[in-house]
Protein chains: 2
Amino acid sequence: MDDAQLRELAIAGTSKIVLMVLDGLGGLPHPETRRTELETAAIPHLDRLAIESETGLTIPVAPGITPGSGPGHLALFGYDPIANNIGRGALEAVGIEFPLQPGDVAARGNFCTVDAEGRITDRRAGRIPTETCVELCHLLEGITLDGATPLIAPVREHRFVLVLRGPDLSDDLYPNGTDPQHEGLPPLPVQPRSPAAERTAMLFNEWVAKAAAILRDKHPANFALVRGFARLPNLPSLEARYGVRAGAIAVYPMYRGLARLAGMTVLGKPATFADEIATLAEHWDAYDFFFVHYKPTDSAGEDGDFQRKVEALQAFDQLLPRVLDLKPDVLMIAGDHSTPAVMASHSWHPVPFLLHGPHMRGGESNGFNEPECRKGSLGIFPARNALQLAMAHAGRLQKFGA
Amino acid sequence: MDDAQLRELAIAGTSKIVLMVLDGLGGLPHPETRRTELETAAIPHLDRLAIESETGLTIPVAPGITPGSGPGHLALFGYDPIANNIGRGALEAVGIEFPLQPGDVAARGNFCTVDAEGRITDRRAGRIPTETCVELCHLLEGITLDGATPLIAPVREHRFVLVLRGPDLSDDLYPNGTDPQHEGLPPLPVQPRSPAAERTAMLFNEWVAKAAAILRDKHPANFALVRGFARLPNLPSLEARYGVRAGAIAVYPMYRGLARLAGMTVLGKPATFADEIATLAEHWDAYDFFFVHYKPTDSAGEDGDFQRKVEALQAFDQLLPRVLDLKPDVLMIAGDHSTPAVMASHSWHPVPFLLHGPHMRGGESNGFNEPECRKGSLGIFPARNALQLAMAHAGRLQKFGA
């Protein structure tokens, strides 16, 4: 069903839908106990909820494909994560909540070191402190170009974002940009992949030349590399697609930025999961769709810390009743991808999922974990279908056809 | 995910992946015992492997669609079996390992009998012996055409393959070719379906006229019919798609030919399954992906011989430890389609599948058969996704998106 067809089916309402995303939720068995993180954790509230819910496993992007945070979340927001992949530069901008506009071309930038002959001697300028990066970005804010406005923002250490804003820009540029990928070589010019991108390439090259003149005496960060040129995918908002007023609650900028791409309003400035739930309660009446992001599961998984991931799951479980007390009409507990502690990385494995709503079959799972969700009424299904299921349960989708 | 996107994710490595295809693996219950061939067979090694593996059922082409050998294998090699269907003439050429080149147009040929008025009296020329077919093909090798080179090769009995090789040929010809489909009628001219195919049609008709002149006195095989004009699908090789060096091991020419289409190197000249495993061991260091084909399951199924199919499964199981001893990083046990003995034909039923690798959940199946694989962690999934999963387990796919 395409966007236009879906929009025709969407109906307004006041039911409340909550999507809670435990980042990196899915896991793999511990080699000794043969139990996954979820099977190991004491999560009585999640287990009880699973018994009373529709459960399944989501495939975030495609079988065998390990998703980054971008595709993992866009799928849960109901978008095709492959057609709407976010390029490197744009994701970097999203990750610092830079207010990227349609038409902007964003690049990922590195401050680096070049020698007297102009050869790169350190692609990361010795990982300068973030404060230095902020100062250098300030220096480069004064650069002007003919036909586009350059906007620069620090990320962390040597990393910054460069955005060109103006009419008729193109991101059809070779992704390696000025970065020759190896030290000892001079920076390359930005090259267009098509005639339509020639002017944009010229503008980026002009910016690089002006930046080099300003940075000349700022050793070790005496040059700036740019690459990963990308525009934002043009996503219809959740409001346009489903008629929901959508609010997002997340501690980390990346997830706030991703939510904004889907047209959600970012709520509050929570520092902890407890803050997030308080923010949810505070805005309960003003929105009817909420995305709540929980990061500690992924962080522990990425660190390969099985026990800490177990504890992160338990900490989530302990506060879950506060969400249940708000009595959402539809509650989804989902993950953007698996991050098995035994792999210490994201993975392709399908992710446990539950949906609690007013019109459930359910009853197949005896708890919330990988093998129990495998038995669930929803089966193994693409993550991008989850939101549509939630809309159905919330009474937000009309009958299709007569 | 399209080919170009997949190629960007592929990473080189040295892990070993083995795909073992038991032809016609899936079955149906025996009407008396109510157990399928796999449930009936004593297959302790497969059963134990299933318990320790990710299991599921593959849909070879689409629900309800019974595949031939071509689509069944192309799906397991990771290609879309519908978009890349191999036309009749090209599959005939593949089946005799004729070295078809891109641009060649292959036709399936029949020696037939025509009467004095030129009407077909026997479309198969009384099924002449294969030796006669070989002799007649030799006679026709001398035919030359202006603008294309005709190449002819015997298949068996009255059947041969005719290939036109040259610039700007088209396979957009009506598939029935010169065959009027009924005896008592004269042969038809080859007809183009589009202007671009007019010259190719003319060349085939010229060849048929020259062949008729040569065969005039060779009763009963005094005429040659051609039909099923087809070019090869232009498949990117497994090496181009996934960066694997792929080797294929099969007793029968058809499967060796199909593997060659996927860019695999055909290894050895095995006559038995034991030979195939010896070939596998011999080439173990030189390749990192191996396709091993096992035919007896399909032959017994096609013959409707339930007990012989059970024995074929048992024979496979007995030699399986020799494969396990090689310690592949990822081992898949799969089938190209089902061939239930009770149907004595290929069928559309999903096919038992297992994948043993380094990052498994698993533990849901208590043996290797249709109902146990149905409970498995992989669910019911398209066969063409299997290879992508194997690549993930083998550490050959990068993260998608950041």
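**Ground rules.** Because the model is predicted, I kept local features only at pLDDT of at least 70 and side-chain atom pairs only at pLDDT 80 or more, while totals for chains, interfaces and linings use all residues. Residues count from 1 along each chain as its sequence is written, chains are lettered from A and ligands numbered from 1 in the order in which they are written, and side-chain values use heavy atoms, without hydrogens and water.

**Entry 1, the two copies.** I laid chain A on chain B and got an RMSD of 0.2 Å, with a turn of 124° and a shift of 0.1 Å along the axis (least squares on C-alpha atoms of residues with pLDDT of at least 70 in both). The two copies are therefore related as by a three-fold rotation axis. They use different surfaces, as 3% of the contact residues of chain A recur in chain B (contact means heavy atoms within 4.5 Å).

**Entry 2, the sheet in chain A.** What is the strand order of the open sheet of eight strands? I read 9-8-10-1-11-12-2-13, with mixed pairing (strands are DSSP runs of E with at least two residues, helices are runs of H or I with at least four, numbered from the N terminus; a pair needs at least two bridges). Strand 9 (265-266) and strand 13 (379-382) of chain A are the edges; each has a single partner strand, so one side of each lacks a neighbour in the sheet. Strand 8 (residues 246-249) of chain A runs parallel to strand 9 of chain A, joined by two bridges, and G247(A) stands opposite T265(A).

Next I looked at what packs on this sheet. Helix 9 of chain A touches strand 8, strand 9 and strand 10 (289-294), and makes about 155° with the direction of strand 10 of chain A (angles run from 0 to 180 degrees between N-to-C directions, with axes fitted to C-alpha atoms, for helices over the stretch in contact).

In chain A, helix 5 (residues 88-95) and helix 9 (residues 253-261) pack at about 110°, axes 7 Å apart. That makes them roughly perpendicular (65 to 115 degrees). Residues in the contact include L91(A) and V94(A) of helix 5 and M254(A) and L258(A) of helix 9.

Helix 6 (residues 130-140) and helix 7 (residues 198-215) of chain B pack at about 115°, with axes 10 Å apart. L136(B), L139(B) and L140(B) of helix 6 meet W207(B), A211(B), I214(B) and L215(B) of helix 7.

Key: Angles under 35 degrees count as roughly parallel, over 145 as roughly antiparallel, 65 to 115 as roughly perpendicular and the rest as oblique.
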